[in-house]
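Please keep the sequence and the coordinates open while reading.

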Amino acid sequence: MKYPKKMLIIAGSDSCGGAGVQADINILRLCGIFPLTVISCLTAQSPSGLSAIEPASETIFVAQLESILKCGRIDAVKIGMIPTEKLMKQVIGFLRMGNFHNVVVDPIMAPTMGGERMPEPLWHNPTLFLEAAPFITLLTPNLPEAIEIARMLSQHLNTPVSSLPQFIIAPPRMMTNEEVAELGRFILQNSGLNAILIKGGHGISENDDFVTDILIDSDSDAPFIYPNPRVDTINTHGTGCNLSSAIASYLAKGMPLDVAVGNAELLMNRILLANKDVVFARNIFPATGKYAPPAAIINPDTPDLDF
């Protein structure tokens, strides 16, 4: 008997379909992973922005988590927006109880398309952050989020200003790959996280023709650098959700972390290229909006991709 790989998504619902649970499910289907879901909140979104958020009640949220434990083995977990401290404490307890592997967290601090700021207490509450860290396989912040996390940790630990890297005190207009890697190491050393992928899409990289993401893994002496050709498109809504879900999908398939990240980066670049000229509305279109079949996005002859 053959059992499918299963992944749990704990995240919010996106009514315009480009991010959140809806985007995660699209990516999992593309990667051949069966999705299980726990909805943390409802949102009202359109291509113009986010207009409303309603957190799930603690009762229904816990009931969803408990139901997941009856679904058999879970090969990976992806966590997106958790809107309240009470729900975050439930997530931490769930991770501790379940002894899950391959836990990927996308620390959403604000949606790509703008609008109302999404609350994310875990990343602004150092106690919750440090409590969750041991259960996280990979954290995937963009560059501004990583800087904000580093500042939060330094304040919580009362780190002397004189010992802080200069780019934490006053971030420069441009950060080198070495500085980004140092930022990642600072976060790992002061949090207990195993690994962090700092995404360069929101910052200016060394070569503006590329978007460079950098993986810093406590098990590796050197960072893993992933330069991707910059795609000229406004269709970027949900790219963070998509990337973290793709990484978790490849981890569920048994790939090493650096390989899972590399394959997810390649997948996302092809999705952006496939959808770069699609027009959905007057503003921003979801990155996965074209819903092309896998063959139109993925080159099946690529040897290092496993779909």
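Where does Asn-102 lie? Asn-102 is in the loop between H3 and E5.

## Basis of the report

This is a predicted model, in which local features need pLDDT of at least 70 and side-chain atom pairs count only at pLDDT 80 or more, while totals for chains, interfaces and linings use all residues. Residues are numbered from 1 along each chain as its sequence is written, and side-chain values use heavy atoms, with hydrogens and water left out.

## Confidence and overall content

The chain has an average pLDDT (the predictor's confidence in each residue, from 0 to 100) of 81, and 78% of the residues score at least 70. By element, the lowest mean pLDDT is that of helix H11 (residues 294-297), at 41, and the highest that of strand E6 (residues 138-139), at 98. In the stretch 289-307 the pLDDT is below 50, and the model gives this stretch 34 contacts beyond near neighbours in sequence. Where pLDDT is low, the predicted coordinates should not be read in detail.

Eleven helices and nine strands make up the assigned elements of the chain; helices (H or I, at least four residues) and strands (E, at least two) are DSSP runs, numbered from the N terminus. Of the 307 residues, 55% count as buried. Here buried means under 20% relative accessible area, exposed over 50%, and partly exposed in between, with a 1.4 Å probe and protein chains only. Among contacts (heavy atoms within 4.5 Å) with a separation of 6 or more, 70% join residues 24 or more positions apart.

## The loop between H3 and E5

Asn-99 is placed in the loop between helix H3 (85-98) and strand E5 (103-105). Asn-99 counts as exposed because its relative accessibility is 57%. Although not a glycine, Asn-99 has a positive phi of about 50 degrees. Asn-102, also not a glycine, has a positive phi of about 60 degrees. Most residues other than glycine have a negative phi.

## The H2 and H3 pair

The axes of helix H2 (residues 58-68) and H3 come within 10 Å and cross at roughly 15 degrees. Axes are lines fitted to C-alpha atoms, for helices over the stretch in contact, with angles from 0 to 180 degrees between N-to-C directions. H2 is therefore roughly parallel to H3, a term for angles under 35 degrees.

The contact involves Glu-58, Phe-61, Val-62, Leu-65 and Ile-68 of H2, and Lys-86, Leu-87, Gln-90, Val-91 and Phe-94 of H3. These residues divide into seven nonpolar, one polar and two charged. Ala, Val, Leu, Ile, Met, Phe, Trp, Tyr, Cys and Pro count as nonpolar, Asp, Glu, Lys and Arg as charged, and the others, Gly among them, as polar.

Ser-244 lies in helix H9 (residues 239-252) and is buried, with a relative accessible area of 1%. Not counting residues up to four places away in sequence, Ser-244 touches Lys-78, Val-104, Asp-106 and Thr-140. Gly-240 is also found in H9 and is buried, at 18% relative accessible area. Leaving aside neighbours within four places, Gly-240 is in contact with Asp-106 and Lys-199.

Ala-181, in helix H8 (residues 177-189), counts as buried at 3% relative accessibility. Beyond residues up to four places away in sequence, Ala-181 touches Ile-216 and Pro-223.

Terms used: Parallel < 35°, antiparallel > 145°, perpendicular 65-115°, else oblique.
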